[in-house]
There are 2 protein chains.
Amino acid sequence: MHLGYDFQMIYYNYDQFKNDISRLGTLCESFKPDTIVAVARGGMTLAHALCMHLDVRNIQSIRCESYDGDEQRISLTIVGESTFLPSERILVVDDIVDSGQTLHALLPLLQSNNPDVVFKTASLFTKPTALVQPDFSLYEATDWIDFFWERDFLKSNLL
Amino acid sequence: MHLGYDFQMIYYNYDQFKNDISRLGTLCESFKPDTIVAVARGGMTLAHALCMHLDVRNIQSIRCESYDGDEQRISLTIVGESTFLPSERILVVDDIVDSGQTLHALLPLLQSNNPDVVFKTASLFTKPTALVQPDFSLYEATDWIDFFWERDFLKSNLL
């Protein structure tokens, strides 16, 4: 696939993911989350795997709809937010933190709605230029990451 | 693993899942869901994969907490329910429909809270004795299914 830019498309396969869950899980372990929140869609499979690794029963997803207004500001609508219990420890999980705009808008909103809750964030990949750097992350994203869940289930790849 | 019963433990691996998404996706395609709802935790990875296959952007999770009361009745608490738009078509997804008690309690509740919404259900495996038979399902579950997300990320399997 030629994108006309000087970066590579990296296919991130299931076997690599399986190994990485152990490493990312170890990083997150000391936080002892009560609930894992997946940022949909990208964070769903990762959140599920981390829940199994960390033995966290509570998992939920959150979906952020961003709209670019006239002034290029991000207006965020959260779909699926729950009220957390006071003093809960919540791990917010996304596959890649790219611009960081989602977490940058989402975290203050979650925190102000749930002032007694402790939020931390985890991702597999993070861009060094992201507005928010997650608390736990494995890789610096320099190339375009093609996660297996973005490729393996597409109709064109299954026929 | 010996459980003392006359059934087998079947390991359901990632490669089989990848192939099955195409087959289950084809079954669900005619329904044209607007939103996919994952029954957490088991349905999370499946819902993510189906979303990618069916090109559905809206995904959310729902978590059901069941309590056995004195009379062995199921009291269900839904965590993470959203309000759907009128006339939306919602596909509720779980990995396996075993006793069917979760869907049996969940579906009437979702339908009464969202009378104009069309709900259908999908799973990979279904027990013939389940209280609710999903609209779309691939396999009859006769053995104990050990899904890759229940095995591959456990600490004991990663060391």
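Colleague: Helices (H or I, at least four residues) and strands (E, at least two) are DSSP runs, numbered from the N terminus; on that basis, which pattern does chain A follow along the sequence?

Modeller: Chain A reads β-α-β-α-β-β-β-α-β-β-β-α-α along its sequence, with 5 helices and 8 strands in total. This is a predicted model, in which local features need pLDDT of at least 70, side-chain atom pairs count only at pLDDT 80 or more, and totals for chains, interfaces and linings use all residues. Residues are numbered from 1 along each chain as its sequence is written, chains are lettered from A and ligands numbered from 1 in the order in which they are written, and side-chain values use heavy atoms, with hydrogens and water left out.

Colleague: What does the model score for ipTM and pTM, and what pLDDT does chain A average?

Modeller: The ipTM is 0.90 and the pTM is 0.91. Chain A averages 88 in pLDDT, the predictor's confidence in each residue from 0 to 100, and 86% of its residues score at least 70.

Colleague: How much of chain A counts as buried?

Modeller: Of its 159 residues, 51% are buried, where buried means under 20% relative accessible area, exposed over 50%, and partly exposed in between (1.4 Å probe, protein chains only). As for contacts, meaning heavy atoms within 4.5 Å, residues 24 or more positions apart account for 65% of those in chain A with a separation of 6 or more.

Colleague: Is helix α2 of chain A mostly covered or mostly open?

Modeller: Mostly covered: 11 of the 11 residues of α2(A), residues 44-54, are buried. Among them are A:Met44, A:His48, A:Cys51 and A:Met52.

Colleague: At what angle does α2(A) cross helix α1 of chain A?

Modeller: The axes of α1(A) (residues 14-29) and α2(A) cross at roughly 65° and come within 9 Å. The axes are lines fitted to C-alpha atoms, for helices over the stretch in contact, and angles run from 0 to 180 degrees between N-to-C directions.

Colleague: Turning to the backbone, what kind of peptide bond joins A:Ala40 and A:Arg41?

Modeller: A cis bond, with omega about -5°. A:Arg41 is in the loop between β2 (35-40) and α2 of chain A. In chain B, a cis peptide bond joins B:Ala40 and B:Arg41, again with omega about -5°. Most residues other than glycine have a negative phi, and most peptide bonds are trans.

Colleague: What is phi for A:Lys32, and for A:Asp55?

Modeller: A:Lys32 has a positive phi of about 50° and lies in the loop between α1 and β2 of chain A. A:Lys32 is exposed, at 59% relative accessible area. A:Asp55 has a phi near 60° and follows α2(A). With 62% relative accessibility, A:Asp55 also counts as exposed.

Colleague: Is B:Thr35 buried or exposed?

Modeller: B:Thr35, in strand β2 of chain B, is buried because its relative accessible area is 2%. Not counting residues up to four places away in sequence, B:Thr35 touches residues including B:Val56, B:Phe84 and B:Ile90.

Colleague: Finally, where does B:Ser112 lie?

Modeller: In helix α3 (residues 101-113) of chain B. B:Ser112 is exposed, with a relative accessible area of 53%. A polar atom of the B:Ser112 side chain lies 3.2 Å from the backbone oxygen of B:Leu109.

Technical notes
Polar contact = N/O pair within 3.5 Å; in protein donor to acceptor, adjacent residues only side chain to side chain.
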